[in-house]
Amino acid sequence: MTETILANATLVLPNETLRGSIVMRDGCIAAIDSGTSVPPQAIDCDGDLVLPGLIELHTDNLERHIEPRPKVAWPHTAAILAHDAELASVGITTVFDALRVGSVRSKAKANYGEYARHLADEIIALRRAGSLRINHLIHLRAEVCSETLIEELAKFGPEDGVGIVSLMDHTPGQRQFRHMEQLKNYVCGKHGFSDAEFLDHIAAQQDLSARVAATHEAAAVAGARRFGAVLASHDDTTTDHVARSAEQGAQFAEFPTTENAARACRDHGIAVMMGAPNLIRGGSHSGNVAARALAEADLLDIVSSDYVPSSLLSAALMLGDLWGDTARGIATVTDAPAKATGLADRGRIAIGQRADVIRVTRIGGTGALRGTWVADQRVG
Ligand SMILES: [Fe+2]
């Protein structure tokens with residue numbers, strides 16, 4: 001039997017904070033008590049926050065590790081281990097690693113190749129070997145505007161434990177890329193295109209989308225069903241987009257780009273997820289609705305770290321300050337993502353839940369990690 005006691009902490013419970021202690025035993029939370037006493041074998045948290053471990057539904061952080069510079073490939077095992085350690089160090093104890101399915105092979109300069117199946121195998125193998133600090137699950141980002149979506153999806157099955165399929169459509173001229181100037185900055189910055197090459201690229205992508213979007217969309221929805229995964233929408237912009245997502249059975253909406261779309265999600269019972277970098281920077285880098293505006297309008301349910309893992313904790317604390325309710329802010333990165341993905345055993349400090357727990361102190365607005373436990377084992 002292993003037992004760890006975190007005492008004299010500010011416990012963030014589902015609906016309140018409580019000065020007290022928790023006992024973690026055999027991988028679960030075994031007791032919660034109020035008070036400031038510190039038993040001899042306990043860790044004295046000195047008033048620090050003790051929260052459920054954070055749950056991240058959409059991060060492409062692993063891509064940064066497998067390709068640390070453009071066109072530089074890094075060995076995958078080393079990349080996955082570094083990514084895993086980074087997430088543990090910022091308080092994330094469950095991650096859905098977002099892997100793109102749907103590639104474009106035919107273009108020399110703007111091609112993006114297939115990698116999801118191979119990388120998923122490597123993540124699953126490291127998980128089975130017990131080599132990872134935190135829980136890793138798979139999120140397949142199904143890119144509708146691509147050439148190979150159907151064949152890549154066919155390589156996955158129910159045995160892979162795919163938890164999320166998100167339906168993404170990055171066809172130029174709509175959703176995230178409806179502002180052509182923003183798109184131009186993004187695409188030309190990434191591929192070094194001239195104006196003429198940019199226009200060629202746009203035309204080719206729009207042509208591809210016109211040919212394949214409908215069948216690809218249907219294949220992604222069917223794939224989610226076949227894997228037993230939750231379906232998420234991505235970059236919904238209009239109320240029609242949201243109505244379509246609801247029909248397809250989306251459980252949560254990644255980064256709706258307008259307040260109208262977020263409101264429509266609420267009407268359809270679809271949880272709204274926004275990016276922590278958007279909250280922290282005070283707006284979207286691609287000209288979409290500010291996450292803070294949605295939080296103020298009561299239209300924000302889940303936060304994702306997107307491309308900056310350490311932003312997750314600070315964004316949740318920021319929301320707690322904004323709403324005057326720490327527990328509610330923290331729920332956007334713990335309880336809400338757990339519920340959206342059907343993970344009933346985590347996301348709350350409650351007796352019987354997994355002992356995925358973090359200890360945090362604040363340096364101004366920034367959350368600083370002082371300890372991460374996964375199933376009561378210290379991992380960071
Ligand atoms: Fe997007």
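Student: Which residue in β15 is the bridge partner of Val357?

Tutor: In β15, Val357 has Trp373 as its bridge partner. Before we go on, note that this is a predicted model, in which local features need pLDDT of at least 70, side-chain atom pairs count only at pLDDT 80 or more, and totals for chains, interfaces and linings use all residues. Residues are numbered from 1 along each chain as its sequence is written.

Student: How do I read a strand pair and its elements?

Tutor: Helices (H or I, at least four residues) and strands (E, at least two) are DSSP runs, numbered from the N terminus. Two strands pair if DSSP finds at least two bridges between them. Here β14 and β15 are antiparallel partners, joined over seven bridges. They make a hairpin with two residues between them, and Gly364 in the turn has a positive phi of about 60°.

Student: Which residue in β16 is the bridge partner of Trp373?

Tutor: Trp373 is bridged to Arg378 in β16. The strands β15 and β16 (residues 377-378) run antiparallel and are joined by two bridges. They too form a hairpin with two residues between them, where Ala375 in the turn shows a positive phi of about 45°.

Student: In what order do the strands of the open sheet run?

Tutor: The open sheet here has eight strands in the order β6-β7-β8-β9-β10-β11-β12-β13, with parallel pairing. At its edges stand β6 (54-59) and β13 (302-304), each with a single partner strand, so one side of each has no neighbour in the sheet. Ignoring direction, neighbouring strands are turned by 25° against each other on average; axes are lines fitted to C-alpha atoms, for helices over the stretch in contact, and angles run from 0 to 180 degrees between N-to-C directions.

Student: Which helix packs on the sheet, touching β7 and β8?

Tutor: That is helix α3 (residues 116-128), which touches β7 (92-101) and β8 (135-143), and its direction makes about 155° with that of β7. Within the sheet, β9 (residues 162-168) and β10 (residues 230-234) run parallel and are joined by four bridges. Leu167 stands opposite Ser233 in β10.

Student: How is the protein divided into domains?

Tutor: Domain bounds come from an automatic or database domain assignment. Domain 1 covers 1-52 + 346-380, and domain 2 covers 54-343. Their centres, taken over C-alpha atoms, are separated by 30 Å. The contact between them takes 23 residues from domain 1 and 22 residues from domain 2, where two residues are in contact if their C-beta atoms, placed from the backbone, lie within 7 Å. On the side of domain 1 that touches domain 2, the elements giving two or more residues are β5 (49-52), β14 (357-363) and β15 (366-374). The largest share of that side, five residues, belongs to β15.

Student: How should I read a nonpolar core?

Tutor: In soluble globular proteins, nonpolar side chains tend to be buried together. A nonpolar core is a set of buried Ala, Val, Leu, Ile, Met, Phe, Trp, Tyr and Cys residues joined through C-beta atoms within 7 Å. A residue is buried if 20 or more other C-beta atoms lie within 10 Å of its own, exposed if 12 or fewer, and partly exposed in between, with C-beta atoms placed from the backbone. The largest core has 100 residues, and those with the most contacts inside it are Val50, Ala142, Val165 and Leu312. Helix α11 (residues 311-323) supplies its largest share, seven residues. Both domain 1 and domain 2 give residues to this core, so it lies between them. Leaving aside neighbours within four places in sequence, the contacts of Ala142 include Val165, Leu149 and Leu167.

Student: Where is Asp235 found?

Tutor: Asp235 is in the loop between β10 and α7 (239-248). Phi of Asp235 is near 60°, a positive value in a residue other than glycine. Asp235 is buried, with 24 other C-beta atoms within 10 Å.

Student: Is Phe255 buried or exposed?

Tutor: Phe255 is buried, having 27 other C-beta atoms within 10 Å. Its place is the loop between β11 (252-254) and α8 (259-268).
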